[in-house]
Amino acid sequence: MKIGFIGAGKVGTSFGLFLNKKGIDISGFSSRKYSSAEYSAGLTNSKAYRDKKDLIKDSDIIFITTNDDCIKKVADEISSSDLILDKKVICHMSGALDSTIFIKLKEKGATTASLHPMYSFSNVEQSSKQLHNANFSLEGNGEYLEKITRLLEKTSINFQQIETDKKTLYHASACIASNYLVSLLNTSVDMLKYVGFDEKKALSMLKPLVIQTINDIFEFGPQDALTGPISRGDVDTVYRHLEKLKKTDNKNWMEIYQLLGLRTLDMTKNKGKIDENILNKLERELK
Ligand SMILES: NC(=O)c1ccc[n+]([C@@H]2O[C@H](COP(=O)([O-])OP(=O)(O)OC[C@H]3O[C@@H](n4cnc5c(N)ncnc54)[C@H](OP(=O)(O)O)[C@@H]3O)[C@@H](O)[C@H]2O)c1
């Protein structure tokens, strides 16, 4: 089984290198710039293709690893060509898109899929060495989808199959965990700056607290990792926070505090340790 890549960027090259080190036969790379294809082919003992049609002919599974905005354009070029796609598996690696973007390829007989690694790729060498720790989600359908599952099993990649119509929500969840965590911590830093800390000091103050919290989440689960005034039922503390937040005139801080406060209250309710009267008072304060 031969694997080809269209788009010799960070993900295509890292994944190609990972597979190559696991003994998988890489046919090669085709890319917008031939020099990019040459570089990635050099790293993976494979071939640089000037014409993606030749790469497709030589490959059983083709990963389209261009940036998201170009995936459809590349797919449309392939579907409008004279290539026979019956036994080909064509797969992209975007989290935001699902395999329905390949509808025309499917109509031409290809098995279409998306395989998303929940992992951040910044450096090719490092990412290819770390990929065994990543978790992938596979979505798609077609007669030859098992070519991908076999590839993943053979290379001991952790993966889970998800339904096509769930893919976007899956990606939104990853955005909350990663991007919004950054925005949330940035809000916390802004508030510390407001009370007089500089950014460096604010970050060093938060670091042990945040790292401990994250460790607890992964060790004990989110429910048991929860601490703080809402989980203790300290209504006065929440009231005083809200009063001071109102006086800052920063609507964002107030909204974040209230919205996530209500989510925290749901978790506290589920724990069942706080009196219902107190939970109701907290809810009134946060709404
Ligand atoms: N980066 C991440 O952390 C990450 C994580 C999970 C999933 N993904 C997904 O992985 C995919 C690739 O992302 P990336 O980070 O690897 O992007 P990237 O580093 O920007 O690489 C994309 C490559 O696509 C090539 N390209 C662009 N348009 C093309 C076209 N029309 N035909 C052929 N090649 C073309 C470019 O090649 P040239 O160099 O030749 O111009 C570029 O090197 C995306 O779908 C992304 O959503 C990324």
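Helices (H or I, at least four residues) and strands (E, at least two) are DSSP runs, numbered from the N terminus. The views below show a predicted model.

**The sheet holds 8 strands.** Its order is β3-β2-β1-β4-β5-β6-β7-β8, and the sheet is open, with mixed pairing. Which strands stand at the edges? They are β3 (47–49) and β8 (158–161), each with a single partner strand, so one side of each has no neighbour in the sheet. On average, neighbouring strands are turned by 25° against each other, direction ignored.

**Strands β1 and β2 pair, and helices pack on the sheet.** β1 (residues 2–6) and β2 (residues 25–30) run parallel, joined by 5 bridges. Ile-3 faces its opposite number, Ile-26, in β2. Helix α1 (residues 10–21) packs on the sheet and touches β1, β2 and β4 (61–64). The direction of α1 makes about 160° with that of β2. Helix α2 (residues 34–43) also packs on the sheet, where α2 touches β2 and β3. The direction of α2 makes about 165° with that of β3.

**Strand β6 is mostly covered.** What are the partners of β6? Strand β5 (residues 89–92) is parallel to β6, with 4 bridges between them. Here His-92 stands opposite Ser-114. Strand β7 (residues 135–141) is antiparallel to β6, with 6 bridges.

**Leu-138 sits in strand β7.** Its bridge partner is Leu-115. Is Leu-138 buried or partly exposed? Leu-138 has 19 other C-beta atoms within 10 Å. A buried residue needs 20 or more, so Leu-138 counts as partly exposed. Leaving aside neighbours within four places in sequence, Leu-138 is in contact with Ala-113, Leu-115, Ile-148, Phe-159 and Gln-161. His-116 is 22 residues away from Leu-138 along the chain, yet their C-alpha atoms are separated by 6.6 Å.

**Helices α8 and α9 pack together.** Two packed helices are described by the angle between their axes and the distance between the axes. For α8 (residues 167–194) and α9 (residues 199–220), the angle is about 130° and the axes are 9 Å apart. That angle makes α8 oblique to α9. Their crossing is right-handed. From α8, the contact uses Leu-185, Ser-188, Val-189, Leu-192 and Lys-193. From α9 come Glu-199, Ala-202, Leu-203, Met-205, Leu-206 and Val-210. By class, the contact has 8 nonpolar, 1 polar and 2 charged residues.

**Asn-45 and Ser-156 have a positive phi.** Most residues other than glycine have a negative phi. Asn-45 is not a glycine, but its phi is about 50°. Where does Asn-45 lie? Asn-45 is in the loop between α2 and β3. Asn-45 counts as exposed because it has 11 C-beta neighbours inside 10 Å. Ser-156, also not a glycine, has a phi near 55°. Ser-156 lies in the loop between α7 (145–154) and β8. With 8 other C-beta atoms within 10 Å, Ser-156 is exposed.

Key. Residues numbered from 1 in each chain as written. Predicted model: local features only at pLDDT ≥ 70, side-chain atom pairs only at ≥ 80, totals over all residues. Axes fitted to C-alpha atoms, helices over the stretch in contact; angles between N-to-C directions. Parallel < 35°, antiparallel > 145°, perpendicular 65-115°, else oblique. Left-handed = near helix turned anticlockwise from the far one by under 90°. Contact = placed C-beta atoms within 7 Å. Nonpolar A, V, L, I, M, F, W, Y, C, P; charged D, E, K, R; others polar. Buried ≥ 20, exposed ≤ 12 C-beta atoms within 10 Å, placed from the backbone. Pairing = 2+ DSSP bridges.
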